[in-house]
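Welcome! Take a moment to look over the sequence and the structure, and then we can walk through a few features together.

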Amino acid sequence: MRYGSICSGVEAATLAWRSLSWQPVFFAEVEPFPSAVLMQKFGATKPQRPLDPAHAQNAKEQKQRENWIRQIGKFSDGGNIPNLGDFTKITKDDYDGKIDLLVGGFPCQAYSVAGLRKGLDDPRG
């Protein structure tokens, strides 16, 4: 089974599916810490498309995105499984071959750092 992962986080699915010999074809994670975990534990690349600061909803989010880009810029190159970064920008040409399954670690928007941690005060929560 070949799968792609969006909103990957630290990728619980890949860890769970290792014993089944399922193979990740790509990840999609934008935050520096989970991206570093994906690189170290699963051989991912650094995020190829970080969140664009120009598309932030406010100044605080813009600064956070700029900070993430700086942090990710310090990561070493390497890895053979692409971390495509912003999953809203994925196209069919971004990865080699077909996938059998698309897995996602959402709904995280209302609870994650990327979603500004508004929790139940966020309509997505």
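Let's start with the aromatic side chains: Tyr3, Trp17 and Trp22 form one aromatic cluster. Keep in mind that this is a predicted model. From here we can turn to the ring pairs and then to the sheet.

**Aromatic pairs**

- The structure holds 4 aromatic pairs.
- In one of them, the ring centres of tyrosine 3 and tryptophan 17 are 4.9 Å apart and the planes stand at 85 degrees; planes over 60 degrees apart count as edge-to-face, so this pair is edge-to-face.
- Tyrosine 3 belongs to strand E1 and tryptophan 17 to helix H1 (residues 12–17), so their pairing ties together parts that are 14 residues apart in sequence.
- Tyrosine 3 is buried, with a relative accessible area of 0%, and tryptophan 17 is also buried, at 18%.
- Phenylalanine 26 and tyrosine 95 make a tilted pair, because their ring centres are 4.6 Å apart with the planes at 35 degrees.
- That pair links distant parts of the chain, 69 residues apart: phenylalanine 26 sits in strand E2, and tyrosine 95 in the loop between helix H3 (59–73) and E3.
- Phenylalanine 26 is buried, with a relative accessible area of 2%.

**The sheet**

- Three strands build an open sheet in the order E2-E1-E3, and their pairing is parallel.
- Strand E2 (23–26) and strand E3 (101–104) are the edge strands, each pairing on one side only.
- From one strand to the next, the twist averages 40 degrees.
- Strand E1 (residues 2–6) runs parallel to E3 and is joined to it by 4 bridges.
- Glycine 4 has leucine 102 in E3 as its bridge partner.

Definitions and conventions
Residues numbered from 1 in each chain as written. Predicted model: local features only at pLDDT ≥ 70, side-chain atom pairs only at ≥ 80, totals over all residues. Heavy atoms only, no water. Pairing = 2+ DSSP bridges. Helix = DSSP H or I, 4+ residues; strand = E, 2+ residues; numbered from the N terminus. Axes fitted to C-alpha atoms, helices over the stretch in contact; angles between N-to-C directions. Phe/Tyr/Trp six-rings, centres within 6.5 Å; stacked < 30°, edge-to-face > 60°. Buried < 20%, exposed > 50% of the residue type's maximum accessible area, 1.4 Å probe, protein only.
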